[in-house]
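Try each task before reading its solution.

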Amino acid sequence: MARIMPIGAALALSANGLFSLPAFAQPDTAQTFQPTSAWNVDYAEDSCALQRSFANGSDEISLDIRAYQWGNFFEVTVAGLTVSPTAEKIRFRIEPGGTFSEARNGRLLTSDKWQAVRFSGRLEPSVRQDGATSDLAEPEQTSREESMSGLRIDGTGSGEVLLQTGPLSQPMDALRVCVDDLLTGLGLDPAPQRSLSRSLKPRDQMTLARKTQEGLPREVLKEAWRGRADIRIIVGPLGRPSSCGALGSSRETAFGKYACEMAMRYARFDPALDASGEPVASVYVTSITYSGD
């Protein structure tokens, strides 16, 4: 059963008073939402999440920052936004001083009563000289999280939205405790995951994609005509999967189970390396999509 743990009511007020603009700045036209709750940590069965509520007058938004593995890459869900069906590509930016990043896997979630935007991305990317992104070193990351003041989202079709999150160092520390527990439950030692010198590198993804589409059973094909499966693969030090599990709503779908079966058969990796350069078991999270068009 999932556990919800409050981080501390004091954090709910930590964003106040931090956003006065210098006299020369242009007016900020974003819809600004103030926090109305403390941060909570959701100890879910397959993930960990930071959750908080915000409001602008009578408009309310909830924020969910979810982690399925160690690192600085998250699934972000913002519920309560008014989203245009013709929305542009979603972009997000960390305040202050961040640059807009295009969200990965952006999608609109709807029900009879609410709308939400869900996307994936790094809350603070660091670009290496080769152009790839990597997590900041721990001291830099802590300093950056302490200086964060908000999350700005654009591309929903209703203008920019600014969530005044306040500093994220304490909430992120609490989230990492949850992720350590999650990894331990998956049979992994959390310590090496914090300082990998190389993350898992998938080999020949085209073969996995082709094999996944070639043998779709009829019941899976019907369900996956426009399907998506989020999966997490545990990979041993030799680069071969040892287990796989579908994540979130994918756990309830035939396509999610089938995607894991294919990953176990065909996915291969260059193994993760610990701080000393030795191969170690690690975790790889990915999404597999299928369109019958």
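**Exercise 1: a salt bridge across strands**

E75 is buried, with a relative accessible area of 11% (buried means under 20% relative accessible area, exposed over 50%, partly exposed in between; 1.4 Å probe, protein chains only). This is a predicted model, where local features need pLDDT of at least 70, side-chain atom pairs count only at pLDDT 80 or more, and totals for chains, interfaces and linings use all residues. Residues are numbered from 1 along each chain as its sequence is written, and side-chain values use heavy atoms, with hydrogens and water left out.

Task: Which residue forms a salt bridge with E75?

Solution. 
- Step 1. Recall the term: a side-chain nitrogen of Lys or Arg lies within 4 Å of a carboxyl oxygen of Asp or Glu.
- Step 2. The partner is R118, with the closest N and O atoms 3.9 Å apart.
- Step 3. Locate both: E75 is in strand β6 (residues 73-79) and R118 in strand β10 (residues 115-122), 43 residues apart. Strands (E, at least two residues) are DSSP runs, numbered from the N terminus.
- Step 4. Check R118: its relative accessible area is 22%, so R118 is partly exposed.

**Exercise 2: a salt bridge network**

Task: Find the salt-bridge partner of R152. Is R152 buried or exposed?

Solution. 
- Step 1. R152 meets E95, 2.6 Å from N to O.
- Step 2. R152 is in strand β13 (residues 150-154) and E95 in strand β7 (residues 91-95), so the pair ties together parts 57 residues apart in sequence.
- Step 3. R152 and E95 are both buried.
- Step 4. Widen the view: R93, E95, R152 and E160 are linked in a network of salt bridges.

Technical notes
Helix = DSSP H or I, 4+ residues; strand = E, 2+ residues; numbered from the N terminus.
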